[in-house]
Amino acid sequence: MKRQLLHTEIQDDSTLWSNLKKGDEKAFSTLFKKHYSHLVRYGNSFIPFPEKVQDCVQDVFTDIWVYRNKLNDSVIVKAYLLSSVRKRITRLQERDRIFRVSTSIDSIKFLFDFSIEHHLIADEITADKVSRLNQLINNLPSRQKEALYLRYNQELTVDQIAHTLDINYQSANNLLHRALLCLRKDWKGSISFILLLFSTAF
């Protein structure tokens, strides 16, 4: 059922994308409303300036509308939007000179803190496990944590993660594999428990 819903969502995005390229303002508005909140949340994971993140997201959509005739016909819309926001924030950091050295897409830090919701905790033992898991995930290298976020929070495929992070498929797959290996190394319980929490927590 979940796969069917995801497939329907992708089809809907594709239709909206096709229509906005034809100048359909309603399709553009629908796409904006549908993705705005999770794009802002993703952007907030890179810089602690909510207003600037919102401006970046709005600028991405503005460019999409202005340059709609030049957009590719076949894109995975969600991955394209996430990638565009990521690149826009990188350029913002370079322009504002937040860092002493030039910032690249590869070097920006993913600051999102994973936190399994308390309503999933059924007892004290599970609560201890969840607390430990949160700690392990948040101690992962930035890129590995971002890959997990894109996979389990945004439900992107490995191909889509590669596009978002501007890397090849194998590199994206390696990031996910290394992240799960790190968790498995320090996690005393079953790896299936980790995947179960990922699939229900967000």
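Predicted model: local features only at pLDDT ≥ 70, side-chain atom pairs only at ≥ 80, totals over all residues.
Residues are numbered from 1 along each chain as its sequence is written, and side-chain values use heavy atoms, leaving out hydrogens and water.

Select His35 in helix H2, residues 25-44. (Helices are DSSP runs of H or I, at least four residues, numbered from the N terminus.) His35 counts as buried because its relative accessibility is 0%; buried means under 20% relative accessible area, exposed over 50% and partly exposed in between, with a 1.4 Å probe and protein chains only.

Now show Phe32 and Phe61. The structure holds 7 aromatic pairs, and this one is edge-to-face, at 4.9 Å centre to centre with 75° between the planes. Phe32 is in helix H2 and Phe61 in helix H3 (residues 50-66), 29 residues apart. (Rings of Phe, Tyr and Trp, the last by its six-membered ring, pair if their centres lie within 6.5 Å; planes under 30 degrees apart are stacked, over 60 edge-to-face, the rest tilted.) Phe32 is partly exposed at 24% relative accessibility, while Phe61 is buried at 1%.

Next, pick Tyr42 and Tyr149: their ring centres are 5.8 Å apart and their planes at 10°, so they are stacked.

Finish at helix H7, residues 158-165, where 6 of 8 residues are buried. Among them are Val158, Ile161 and Leu165. Just after H7, Asp166 takes a positive phi of about 60°.

Note on methods:
Helix = DSSP H or I, 4+ residues; strand = E, 2+ residues; numbered from the N terminus.
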